[in-house]
Amino acid sequence: MKIEELPLMEQAKRIIIESGANELYPPQEDAVKAGALDGRNLVLASPTASGKTLVAELCAMKHILERGGKVLYLAPLRALASEKYDDFKKYTQLVNVLGKKVKVAISTGDYDSSDSWLGRYDIIIVTNEKCDSLLRHRANWIEEVTLVVADEIHVLNDADRGPTLEVTLTRLMEINPSIQILALSATVRNADEACWMA
């Protein structure tokens, strides 16, 4: 499937094509066919460098540009959060449904604040622990989130960090029952067992 054939606003497709992607890889096409762009919850389990981030970008642009939503991108490590921030910055030249430029923010530290300033952004990239902190401090903008991308979802199996991610995803679904969850992993083997996939 070619990028130009996707049900996505032309301005987003242009940015993606200009960044070098003209056609979807098979796992990306499978994700689109499974309803990723239609708001369906999805675990995208595919090898490293198979294009999982592009699927997250496509979903994010759908939510922001066409639905007026807000995206929360969860990463288990600060370095990964920083990498994803760099990936999403290319979309800051696009205009959202309110006629304003798309804004991207990253916040990976200071666990003692609700960071109300983050509410001014369309795409917010945080570590799992930072998101947990935002929820505990009742960040009021969390209610506006329509898409959560949980990168490296296999962290759920980690005895130390898994419970934080699990509670974070559960709380986000309680706050907004219609939220879309897009979970990404190169190593998860039991994607069909995710309880929020219904």
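Tutor: Begin with burial. A residue counts as buried when its relative accessible area is under 20%, and as exposed when it is over 50%. Keep in mind that this model is predicted.

Student: Which residues of helix 6 are buried?

Tutor: They are Gly162, Leu165, Thr168, Leu169 and Leu172. Look down the axis of helix 6: these buried residues fall within an arc of 135°, so they line one face.

Student: What do the buried residues of helix 6 pack against?

Tutor: Their partners are strand 2 (70–75), helix 5 (128–136), strand 5 (145–150) and strand 6 (180–185).

Student: How do I read the length of helix 6?

Tutor: Count 1.5 Å a residue. Helix 6 has 14 residues, 162–175, so it should span 20 Å. Its end C-alpha atoms are 20 Å apart, which agrees.

Student: How do the axes of helix 5 and helix 6 cross?

Tutor: They come within 9 Å and cross at roughly 45°. An angle between 35 and 65 degrees counts as oblique, and helix 5 and helix 6 are therefore oblique to each other. Their crossing is left-handed. On helix 5, the contact involves Asn128, Glu129, Cys131, Asp132 and Leu135. On helix 6, it involves Thr164, Leu165, Thr168, Arg171, Leu172 and Ile175.

Student: Which residues of helix 4 are buried?

Tutor: In helix 4 (residues 78–88), Leu80, Ala81, Lys84 and Phe88 are buried. They fall within an arc of 100° seen down the axis, so they line one face of helix 4. On the other side, Arg78 and Ala79 are exposed.

Student: Where do the buried residues of helix 4 pack?

Tutor: They pack against helix 3 (52–67), strand 2, strand 3 (104–107) and strand 4 (123–127).

Conventions. Residues are numbered from 1 along each chain as its sequence is written. This is a predicted model: local features need pLDDT of at least 70, side-chain atom pairs count only at pLDDT 80 or more; totals for chains, interfaces and linings use all residues. Side-chain values use heavy atoms; hydrogens and water are left out. Helices (H or I, at least four residues) and strands (E, at least two) are DSSP runs, numbered from the N terminus. The expected span of a helix is 1.5 Å times one less than its number of residues. Buried means under 20% relative accessible area, exposed over 50%, partly exposed in between (1.4 Å probe, protein chains only). The arc is that of the directions from the helix axis to the C-beta atoms. Contact means heavy atoms within 4.5 Å. Axes are lines fitted to C-alpha atoms, for helices over the stretch in contact, and angles run from 0 to 180 degrees between N-to-C directions. Angles under 35 degrees count as roughly parallel, over 145 as roughly antiparallel, 65 to 115 as roughly perpendicular and the rest as oblique. A crossing is left-handed if the near helix is turned anticlockwise from the far one by less than a right angle, and right-handed if clockwise.
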